[in-house]
Amino acid sequence: KVLFLTLLLVAAAFAAGEAQLQEAELQKEFQVEYTEGSYDYYLNFLKGYFVEESNRNYPLFKQCDSRWGSDVINTKTLCQVGCLENSVSMALNGLGKSIDGTPVNPHVLNTWLKGHGGYTGNLFIWGSVESSFSLSYQGQFKDVTGYANNDSYVVILNVHNGGHWVLATSYSGGTWKVNDPGYQTTSYTNSEVSLGAVYKLR
């Protein structure tokens, strides 16, 4: 029994220190500040109509937004490789989290992460936001549909063959509705998702 508990504690400590496996760099042609046109507006509206909404009010942050796109992580900017950091920012903001009284956004969170061991190089460390924001990192899984539409969990999806991260906002009929910080996409099918990372609210 003691050995089992020890193994559990070691596994939990390992998961907390787990870092993003590879840089997810946004394609250069998309490294510009995004402005939504009328076609995108109606397309996104229709997609949103047919996919169940989340109970949370997640903001949409774009990694190349001029307010923080040029912010540096280590050697690269949020615009270049900040899709995961932006996805975490959206999740924390939607949960009502703040840093020193300021609602979380990519600029505020990036500054905080750099001072709290949140990166190794340009790679995000999953466990860095656990204690300060009352989250528990559960790990990464091939199938995260069991965590969908559950207000006790946050799901962040890995798409584009492992090269991009987005925040899942809801799931219905094999399709994830997402807030995508890099592209104009508003939904991904299960077949387009490589894996998902999960946080549990504490």
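**A sheet, and the helices beside it**

Trp176 stands opposite Tyr188 in strand E9. The model is predicted, with local features requiring pLDDT of at least 70 and side-chain atom pairs counting only at pLDDT 80 or more, while totals for chains, interfaces and linings use all residues. Residues are numbered from 1 along each chain as its sequence is written, and side-chain values use heavy atoms, with hydrogens and water left out.

Strand E8 (residues 175-179) pairs with E9 in the antiparallel sense over 3 bridges; strands are DSSP runs of E with at least two residues, helices are runs of H or I with at least four, both numbered from the N terminus, and two strands pair if DSSP finds at least two bridges between them. These strands belong to an open sheet of 6 strands, ordered E5-E10-E6-E7-E8-E9 with antiparallel pairing. Because strand E5 (135-141) and strand E9 (187-189) each have a single partner strand, they stand at the edges, and one side of each is left without a neighbour in the sheet. From one strand to the next, the twist averages 35°.

Helix H4 (residues 83-94) lies across E5, strand E6 (153-159), strand E7 (164-172) and E8, running at about 40° to E7, where axes are lines fitted to C-alpha atoms, for helices over the stretch in contact (heavy atoms within 4.5 Å), and angles run from 0 to 180 degrees between N-to-C directions.

H4 is also among the elements that cover the buried residues of helix H5. Those residues of H5 (106-115) are Pro106, Val108, Leu109, Asn110, Trp112 and Leu113, buried meaning under 20% relative accessible area with a 1.4 Å probe, protein chains only. Just after H5, Gly117 takes a positive phi of about 65°.

Key:
Buried < 20%, exposed > 50% of the residue type's maximum accessible area, 1.4 Å probe, protein only.
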